[in-house]
Amino acid sequence: MSYDIKQYKQGDIIFHGGDSSDCAYIIEQGQVEIFVASNDTIIDILNEGELFGEMGVLDQSPRSTSARALTPLTLIEVKTQQITNRLSESDPIVKALVGVLLKRFRSMLPSQSRGRDNSLLDQVASVIEQTGLSKFKLESELRGAINKGEVQTVFQPISDIKSQKITGFEALSRWTHPTRGFISPVEFIALAEETDLIIEVGDLVFTRAIELLSKLPEHVFININVSSKQLDDDDFLNRVVAKTKDHGVNPERLKLEITETMVVDFKLAKKWLNKCRAIGFPVCADDFGTGHSGMEQLLELDFDVLKVDQVFIRNMFKNQRYQTILQSIANMAHALKTKLVAEGIESEDEYRVLKNLGFDFGQGYFFGKPMSEECALKLDF
Ligand code: C2E
Ligand code: CA
Ligand code: CA
């Protein structure tokens, strides 16, 4: 899937009625006239930020109207697949609603009555704009940023809890949007996970992590967050393995972090674990203790590392029960011979408690904030 930016001169035809509908458009700059060619009736004039040409894409029918550049024009093309993939994955009721609305919309067109006071049409337009448009735009921009390598990777230290020496890092993605500024990875990773973009983000993160590992001492590891699409994609995993070989990096130095929310099906999760083991990647249960299936996960899945969620560390002095649970997680991990990491350690006091509980590793601002590759290379190991 890709997106293109297209330029038009004033008066250029963007599509004719009867043409096949292979994409929708977002107006980046300029104005567009929607008209019926047979009698040259103007139906609508659209401005910057508006979406058009989406109807034919949604129901795969030819264009029912024509579109012309009213001014010099820049358009972002949203490909049919980007829309239909979303629609096919959406709730059946949403699909049915879109279908009904489209039918009604089309039945109104012959009378060329797309008036501004038509509440149904306004509702359709506002739903598309509010929910879909800003997301499509952001998705296109994220795709551009990935292609240009503008999605950065930073590395946060993970330290041995006893010696406080840095023994590893977690790789985290960063994206600074040209106008919106810093966008949290929680937001753009979720967007990337809805599409195949997460594979491309993964290619960037793994490439950079492997390159960094090749320059660091042999005992240093890097943890990488992975999503289900990456673990299901054998081509992706093969590419990662080939990269480790190219750089002479032992795969055991790359630990894959899987969150509890990804584990909805234990059979599938076991398959992932086996796949990773066969390659040599250790697997870490991330955000451990926050989901519903923590105990069941421990019974069913043989993780190499448990990373206890930050919420336990943040609350350990506010509510004694958090420390009690931390103690029992530590006991279980020791009995199961699973390594234990605490994340989000910010203070010396938190650090001391976790050290006394027998945690193996710690991560958090107390040890270090996420940093660039250059800074990571300057550290002592
Ligand atoms: P996470 O995997 O739980 O990552 C830890 C988050 O906690 C990071 O947030 C990190 O910056 C933050 N953190 C670390 N130490 C401290 C601390 O002492 N105090 C506080 N308050 N926060 C701390 P970040 O970088 O914003 O990442 C958020 C989430 O986005 C990550 O949560 C991870 O789930 C996801 N993510 C980030 N990069 C990637 C990526 O490349 N791929 C995937 N699949 N997910 C990613
Ligand atoms: Ca993580
Ligand atoms: Ca985490």
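How many aromatic pairs does the predicted model contain? The count comes to 12 aromatic pairs, where rings of Phe, Tyr and Trp (its six-membered ring) pair if their centres lie within 6.5 Å. Planes under 30 degrees apart count as stacked, over 60 as edge-to-face and the rest as tilted. The model is predicted, so local features need pLDDT of at least 70 and side-chain atom pairs count only at pLDDT 80 or more, while totals for chains, interfaces and linings use all residues. Residues are numbered from 1 along each chain as its sequence is written, chains are lettered from A and ligands numbered from 1 in the order in which they are written, and side-chain values use heavy atoms, with hydrogens and water left out.

Phe15 and Tyr25 make a stacked pair, with 6.2 Å between centres and 25° between planes. Phe15 belongs to strand 2 (residues 13-15) and Tyr25 to strand 3 (residues 23-29), so the pair ties together parts 10 residues apart in sequence. Helices (H or I, at least four residues) and strands (E, at least two) are DSSP runs, numbered from the N terminus. Phe15 and Tyr25 are both buried. Buried means under 20% relative accessible area, exposed over 50%, and partly exposed in between (1.4 Å probe, protein chains only). Ring pairs join Phe15, Tyr25 and Phe52 in a cluster. The charged end of Arg63 sits over the ring of Phe15, 4.1 Å from its centre. Such a contact requires NZ of Lys or CZ of Arg within 6 Å of the ring centre and within 35 degrees of the ring normal. Lys369 likewise places its charged end over the ring of Tyr365, 4.6 Å from the centre.

Phe169 and Phe381 have ring centres 6.0 Å apart and planes at 75°, so this pair is edge-to-face. The pair links distant parts of the chain, 212 residues apart: Phe169 is in strand 10 (residues 166-177), and Phe381 is in the segment after helix 14 (373-377). Phe169 is buried, at 0% relative accessible area. Phe381 is partly exposed, at 23%.

In helix 5 (residues 185-194), the buried residues are Phe188, Leu191 and Ala192. Viewed down the helix axis, they fall within an arc of 100°, so they line one face of helix 5. The arc is that of the directions from the helix axis to the C-beta atoms. At the start of helix 5, a side-chain oxygen of Ser184 comes within 3.0 Å of the backbone nitrogen of Val186.

Gln164 has a phi of about 60° and lies in the loop between strand 9 (152-160) and strand 10. Gln164 is partly exposed, at 39% relative accessibility. Lys337 has a phi of about 55° and lies in the loop between helix 12 (320-335) and strand 16 (339-343). Lys337 is exposed, with a relative accessible area of 76%.

Asp287 lies in strand 14 (residues 283-288) and Glu343 in strand 16, so the pair ties together parts 56 residues apart in sequence. Asp287 is partly exposed, at 24%, whereas Glu343 is buried, at 6%.

How values were computed: Polar contact = N/O pair within 3.5 Å; in protein donor to acceptor, adjacent residues only side chain to side chain.
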